[in-house]
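Thanks, everyone. I will go through the ligand shells and then the strands and helices. Please look at the model first.

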Amino acid sequence: MSQAAERLRLIAGHLDRQAAAIRASPTSAQALISSPSPRLRYSLDNDLLTPEQRLFYEENGFLLIKNLVSEEDINRFRKEFERICRQEVKVPGLVVMRDVAIAKSEFVADQKAVSKIQDYQEDPELFRYCSLPQILKYVSCFTGPNIMAMHTMLINKPPDAGKKTSRHPMHQDLHYFPFRPCDRIVCSWTAMERVNRQNGCLVVLPGTHKGSLLEHDYPEWEGGVNKMYHGVRDYDQEHPRVHLEMETGDTVFFHPLLIHGSGMNQTDGFRKAISCHYASSDCYYIDVQGTTQENISKEVIDIAQRRFGTEVSFQDSWAFRGRLVQGERISM
Ligand SMILES: CCCCCCCCCCCCCCCCC(=O)SCCNC(=O)CCNC(=O)[C@H](O)C(C)(C)COP(=O)(O)OP(=O)(O)OC[C@H]1O[C@@H](n2cnc3c(N)ncnc32)[C@H](O)[C@@H]1OP(=O)(O)O
Ligand SMILES: Nc1ncnc2c1ncn2[C@@H]1O[C@H](COP(=O)(O)OP(=O)(O)OP(=O)(O)O)[C@@H](O)[C@H]1O
Ligand SMILES: O=C(O)CCC(=O)C(=O)O
Ligand SMILES: [Fe+2]
Ligand SMILES: [Mg+2]
């Protein structure tokens with residue numbers, strides 16, 4: 001048996017004994033919950049994840065669930081995205097981003113011009129994604145029962161225009177977030193069609209969620225980089241990478257310290273995915289002054305200033321975009 005399989009067997013055994021103890025004595029269950037195993041710091045006790053799934057997330061920082069969102073829902077999200085691109089609906093707060101390679105070409109009201117939309121929380125049809133019960137069931141294994149949807153995106157990765165600008169550099173999402181604790185934050189990312197190496201699937205460095213938040217900056221790419229696409233300044237190029245090839249509706253949940261990115265889209269189709277970052281509503285905001293997050297904080301404050309004509313703090317830019325999706329709103 002491989003080392004990993006052996007560890008899995010041991011911890012699965014440990015979890016089985018916990019479950020048996022809980023059935024035998026509710027008071028000992030209480031004791032277990034109040035002194036959780038240090039080996040299980042990234043997920044919470046729950047009755048959804050199998051021991052293998054729970055251990056997989058603990059060790060790797062991500063968990064892929066096949067076929068979690070129905071084709072019917074995906075089609076509805078796709079239709080709504082197209083309506084937005086054709087400017088048939090106007091959504092308050094929504095940010096439409098065009099790839100830097102075509103940003104300066106003339107405007108076309110078509111999905112071909114849009115590389116991602118961000119902050120769709122005021123669009124009821126798209127926001128349904130964030131409240132899907134089957135997604136929230138998984139999310140609560142990481143956040144607990146009180147859940148905020150903090151950041152919403154629909155990514156429409158364009159065919160690369162030849163400058164490799166369709167890549168997303170390797171990064172940790174926590175770089176963008178002034179709230180903690182990070183283990184109570186999770187991203188759900190659902191493929192809206194088959195994603196593979198050809199059209200630029202997600203690429204993850206398993207286990208990097210156990211490290212710390214690293215310095216991020218714009219990568220030095222010849223063809224240019226999209227606004228706010230910061231990348232980890234130095235990461236171990238030798239670290240094993242996993243390409244997450246997924247089918248329509250497959251969903252990956254991942255930790256905000258997991259280093260990930262996505263490759264160039266070498267097809268002539270637009271690779272679509274819908275995602276939401278969730279946090280426990282009893283997370284708290286932190287001051288990022290003097291930390292590695294100072295650079296992104298300045299950029300966000302600048303953009304907010306231009307957009308609203310007034311100074312909005314990094315923390316407030318998140319507080320007013322966040323929406324409660326389950327339980328009660330506490331400190332977020
Ligand atoms: C309170 C609200 C604040 C909101 C800030 C947003 C916070 C985002 C936080 C992200 C959290 C992410 C969590 C993890 C996810 C990691 C990521 O995905 S990071 C990447 C996400 N980043 C963005 O989506 C950036 C947000 N986008 C925008 O703000 C805008 O789309 C814009 C890039 C600023 C362009 O807006 P707009 O003003 O409508 O566009 P133009 O008028 O056409 O262009 C202005 C100017 O900007 C240049 N430009 C346009 N598009 C891009 C681009 N993609 N990349 C680089 N530059 C771009 C354009 O050429 C113009 O430049 P000029 O010199 O003035 O001509
Ligand atoms: N020169 C580079 N510098 C920094 N990051 C890069 C570089 N090339 C690729 N990446 C990043 O690595 C990830 C995967 O990129 P890439 O498109 O090269 O796929 P790949 O995994 O190398 O597979 P393939 O080469 O088969 O397309 C993306 O996050 C991408 O942004
Ligand atoms: O869909 C992708 O290409 C990756 C997007 C991503 O990692 C992000 O926006 O944080
Ligand atoms: Fe990301
Ligand atoms: Mg490559």
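Let me start with ligand 1, which 20 residues surround, the closest being Val 100, Ala 103, Lys 227, Met 228 and Ser 317. A residue counts as near a molecule if its C-beta atom, placed from the backbone, lies within 6 Å of it. Two elements give two or more residues to this shell, β2 (95-97) and α7 (294-308), and α7 has the largest share, 3 residues. By class the shell around ligand 1 holds 11 nonpolar, 4 polar and 5 charged residues. Here Ala, Val, Leu, Ile, Met, Phe, Trp, Tyr, Cys and Pro count as nonpolar, Asp, Glu, Lys and Arg as charged, and the others, Gly among them, as polar. Helices (H or I, at least four residues) and strands (E, at least two) are DSSP runs, numbered from the N terminus.

A word on conventions. This is a predicted model, in which local features need pLDDT of at least 70 and side-chain atom pairs count only at pLDDT 80 or more, while totals for chains, interfaces and linings use all residues. Residues are numbered from 1 along each chain as its sequence is written, and chains are lettered from A and ligands numbered from 1 in the order in which they are written.

Next, the sheet. Four strands form an open sheet in the order β5-β13-β8-β11, with antiparallel pairing; two strands pair if DSSP finds at least two bridges between them. Its edge strands, β5 (168-171) and β11 (242-244), each pair on one side only. Strands β8 (residues 202-204) and β13 (residues 260-262) are joined by 3 bridges, and Val 203 has Gly 261 as its bridge partner in β13.

Which residues of this region surround ligand 2? The shell includes His 168, Pro 169 and Met 170, along with Val 203, Gly 261 and Ser 262. Both β5 and β13 supply at least two of its residues, and β5 gives the largest share, 3 residues. The classes for ligand 2 are 5 nonpolar, 4 polar and 2 charged.

Ligand 3 has around it Met 153, Ile 155, Lys 157, His 168, Asp 173, Leu 202, His 260, Ser 262 and Ala 273. At least two shell residues come from each of β4 (147-157) and β13, and β4 has the largest share, 3 residues. This shell divides into 4 nonpolar, 3 polar and 2 charged residues.

Now strand β12 (residues 251-254). Thr 251 and Phe 253 on one side and Val 252 and Phe 254 on the other are all buried, so both faces are covered, where buried means that 20 or more other C-beta atoms lie within 10 Å of the residue's own, C-beta atoms being placed from the backbone, with exposed at 12 or fewer and partly exposed in between. Strand β1 (residues 62-65) runs antiparallel to β12 and is joined to it by 4 bridges, with Leu 64 opposite Val 252. Strand β7 (residues 185-191) also pairs with β12 in the antiparallel sense, over 4 bridges, and Cys 187 stands opposite Phe 254.

Last, helix α3 (residues 51-60). Its buried residues include Arg 54, Leu 55, Tyr 57, Glu 58 and Asn 60. Just after α3, Gly 61 takes a positive phi of about 85°.

That is what I have; I can take questions.
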